[in-house]
Amino acid sequence: MMECQNALNLVPSYQDGELSEVQAAPLRQHLLDCFACRERAKAEVSLKRWFVPEPAVAAPTGFAAHVARRAFAGDEGLREVTLRPRALPASDQLLPFVLKLTALAAAVLMVLALALRSRSLPESDSLEATSLSETMEYMQALNEAELETGLDLNERDEE
Amino acid sequence: MQPATTEDADLVRETLEGNQLSFQLLVERYQDRMFSVVRHYARSAVEIEDIVQETFLKAFRRLDSFQHQSSFSTWLYRIAVNTALDFLKRHGRNPVTAVEDPELMQESGRYGPGVAAPDKGLEREEIARITNEVLEGLPEIFRTVLVLREFEEMSYQDMADLLGISIGTVESRLFRARAKFRDALIRLHPEYGAHEEA
């Protein structure tokens, strides 16, 4: 006759279907004969009822194809993703190219602008201007010279 | 669980030869089982999907080390469980894990208190919610054996292969896991410990 403690030790494996018939037969007999062990075994069945099969979790559509693509693209998974930036798709590679090109064009324009500006600057650092009186004298001299020239022409016409 | 089927072995070989479609077929074959086991470690659909993806990516990277000595599914389950446990650690959600922890190694008073079956009126979703709540509080070594046995219905031998332990250890760990589950269930929901009959 199997002892109660031995029987109780075997009950979980029995209920899990893990005992051979040679092991299960004496246990079965013990449970038939022993009310206390039989009740204990029933309590084990109660425990199992807490593990109800849950509705299946369906993988998203296209999951396998997506994973296979990642695997063959050399993607190393979650941990590595945080360490290594993921390769951008072709469409996303255009934007950085355009930005670089724009920056280069801006730099060239700036160099050109600086070169042109330097050529238009005065050669001397001093900012000197002709005084008003000198300008007036210069203008008057011009007028006088013009008048004289005008008289000479009139005289020639009369002749 | 059967040893690696010829078809699995073929798909593995073709994948190693560079055939992407063969790997896609392997993923399709096992994705539902992986989603099923991983959901007991994650809290949202996004987390489940991330863990399962990482499981398959790890499997792909290590495919050349698959020896065909155990079934492909056992090998894959091992990666899934380890990936899920890594995920819990990274998110600081891992209850005590050390097998050597003296508290965990204590005998759980043989059967401990009994628990009642869920009320008949309780919806499946509510039962699942309570069970997952209890499982989440268990040390991972106990949670894992309960998930593999009770939800995935794995044999002791497959669990031993997967976890790299002996069948005797599977038995004793399962025994203690059930005792812990009962204790935690009664602690969280005392109403289910009221029907001790033995």
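**Close-ups of a predicted model: cores and a loop**

**View 1. Around B:Val38.** Leave out residues up to four places away in sequence, and B:Val38 still touches B:Ile48, B:Ile51, B:Val52, B:Ala80 and B:Ala84. This is a predicted model, so keep that in mind for every view here.

**View 2. The largest nonpolar core.** This one counts 59 residues, and B:Val38 and B:Val145 have the most contacts inside it. Its top contributor is helix α4 of chain B (residues 72-90), which puts in 9 residues. Both domain 1 (6-90) and domain 2 (102-193) of chain B supply at least three residues each.

**View 3. A separate core.** Apart from the 59-residue core lies another one, made of 8 residues, including A:Leu10, A:Val11, A:Leu27 and A:Leu31.

View 4. B:Val145 counts as buried because 27 other C-beta atoms sit within 10 Å, and the cut-off for that is 20 or more. Skipping neighbours within four places in sequence, its contacts are B:Met159, B:Val170, B:Arg173, B:Leu174 and B:Ala177. Take B:Arg173: it's 28 residues away along the chain, yet the two C-alpha atoms are 7.3 Å apart.

**View 5. B:Glu153 in its loop.** Look between α7 (140-151) and α8 (156-163) of chain B for the loop that holds B:Glu153. Its phi is near 55°, a positive value in a residue that isn't glycine. B:Glu153 is classed as partly exposed because it has 13 C-beta neighbours inside 10 Å.

How values were computed:
Residues numbered from 1 in each chain as written. Chains lettered and ligands numbered in written order. Predicted model: local features only at pLDDT ≥ 70, side-chain atom pairs only at ≥ 80, totals over all residues. Helix = DSSP H or I, 4+ residues; strand = E, 2+ residues; numbered from the N terminus. Buried ≥ 20, exposed ≤ 12 C-beta atoms within 10 Å, placed from the backbone. Contact = placed C-beta atoms within 7 Å. Core = buried A, V, L, I, M, F, W, Y, C linked by C-beta atoms within 7 Å. Domains from an automatic or database assignment.
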